[in-house]
Amino acid sequence: MATLTVRNLPEEVHCALRVRAALRGRSTEAEVRVILRDSVMPEGRAELGKLLTAIGHRAKLTEKEFAALEQRDSTRHPPINLE
């Protein structure tokens, strides 16, 4: 995880963030993380892992088959030489 410092934030913006966070039951810091995440990673964005898992469930893969895929994906392979 990275650390981010925001300088010169107007007091009214900071106050609005605190209020918004309180209304949602979060800390101000957690609210800022949600705002930033939603801004740069909008909903509807393809999440390959979730899509592949959904396909596996539709194909009725067993837990053993899922485990085999997970193990295969965690195996390190040498990079491909494109030269």
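This is a predicted model: local features need pLDDT of at least 70, side-chain atom pairs count only at pLDDT 80 or more; totals for chains, interfaces and linings use all residues.

Residues are numbered from 1 along each chain as its sequence is written, and side-chain values use heavy atoms, with hydrogens and water left out.

I looked up glutamate 31 and found its place in helix 2; helices (H or I, at least four residues) are DSSP runs, numbered from the N terminus. Glutamate 31 counts as buried because its relative accessibility is 0%.

Next I asked which side chains make polar contacts with glutamate 31. A polar contact is a pair of N or O atoms within 3.5 Å; within protein, one must be able to donate a hydrogen and the other to accept it, and residues adjacent in sequence count only if both atoms are side-chain atoms. I noted arginine 20 at 2.6 Å and arginine 26, also at 2.6 Å.

Then I turned to the helix itself. The buried residues of helix 2 are Ala30, Glu31 and Val34. They lie on the same side of helix 2, because they cover an arc of only 100 degrees around the axis, taken from the directions from the helix axis to the C-beta atoms. On the other side, I found Glu29, Ser39 and Val40 exposed. The buried residues of helix 2 pack against helix 1 (11-23), where contact means heavy atoms within 4.5 Å.

Technical notes
Buried means under 20% relative accessible area, exposed over 50%, partly exposed in between (1.4 Å probe, protein chains only). Helices (H or I, at least four residues) and strands (E, at least two) are DSSP runs, numbered from the N terminus.
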